[in-house]
Structures are given as C-alpha cells and as structure tokens.
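Hi there,

Here is the structure I promised to pass on. Have a look at it first, and then read on for what turned up.

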Amino acid sequence: MLTLGLTFGVNPFDRCPTQVGRYHVIDVSGFIRAKSDYGFTAEGNAAALSYREPGRFSAIDTRDGSTYAAYCDGEELV
C-alpha cells in the first residue's frame, strides 16, 4: 500500500501550522504566512511581509472570508 505522507487535517498551504488565530495573512500563491487573533496585528504582519518580499499579502478574516487589509510592495491597497 502506497502512502503519500500527508496527514488528514493538515493544510499543505499552511506555513505556520502551530499558530492559531482568526485572521490569516495570505500571499499571492495562497500560502498562509501568519495568523493572528486581531485584525490590526494581521495587517501589520501583511505590511511587514510586503516590505521584505515582493508581491501581494492580504489579511483575511476567516469568519466570513473577507479581506481585512491588503498590501503590495509596501503600499496599502484600497
């Protein structure tokens, strides 16, 4: 029998599986880069990542899937 090594319940796009939080910071490829209980903290994480790495980072509210904040190359997207 062949097993692929994936564990049920583990999201392969989750780069921080040990963290929990209502707000997730997602990069342009769909990877979860950070999690936070507060929107302002997730927004700060998205801004910091956008300064360090090229691309778009969005803070998503996991309760309803809405975008709390988005940044691209250090600039806030409105």
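**Salt bridges and the overall fold**

Let me start with E53, which is partly exposed, with a relative accessible area of 28%. Please keep in mind that this is a predicted model.

The side chain of E53 meets that of R33 in a salt bridge, 2.8 Å from N to O. This pair links distant parts of the chain: E53 sits in the loop between α1 (39–52) and β3 (56–61), while R33 belongs to strand β2, 20 residues apart. R33 is also partly exposed, at a relative accessible area of 23%.

D27 has a relative accessible area of 13%, and because buried means under 20%, D27 counts as buried.

K35 forms a salt bridge with D14, and the closest N and O atoms are 2.7 Å apart. K35 lies in strand β2 (residues 32–36) and D14 in the segment before β1 (23–27), so the pair ties together parts that are 21 residues apart in sequence. Are these two partners buried or exposed? K35 counts as buried at 14% relative accessibility, and D14 counts as buried too, at 16%.

In total, the count comes to four salt bridges; those described above are among them, including K35 with D14 and E53 with R33.

Now for the chain as a whole. How many helices and strands does the protein chain have? There is one helix, together with five strands. Read from the N terminus on, the elements run β-β-α-β-β-β.

The protein chain has 78 residues, of which 36% count as buried. Among the contacts with a separation of 6 or more, 29% are between residues 24 or more positions apart. The accessible surface of the protein chain comes to about 5500 Å², and 55% of this belongs to carbon and sulfur atoms.

Best wishes

Definitions and conventions: Residues numbered from 1 in each chain as written. Predicted model: local features only at pLDDT ≥ 70, side-chain atom pairs only at ≥ 80, totals over all residues. Heavy atoms only, no water. Helix = DSSP H or I, 4+ residues; strand = E, 2+ residues; numbered from the N terminus. Buried < 20%, exposed > 50% of the residue type's maximum accessible area, 1.4 Å probe, protein only. Contact = heavy atoms within 4.5 Å. Areas by Shrake-Rupley, 256 points an atom, 1.4 Å probe, with all protein chains shown as cover.
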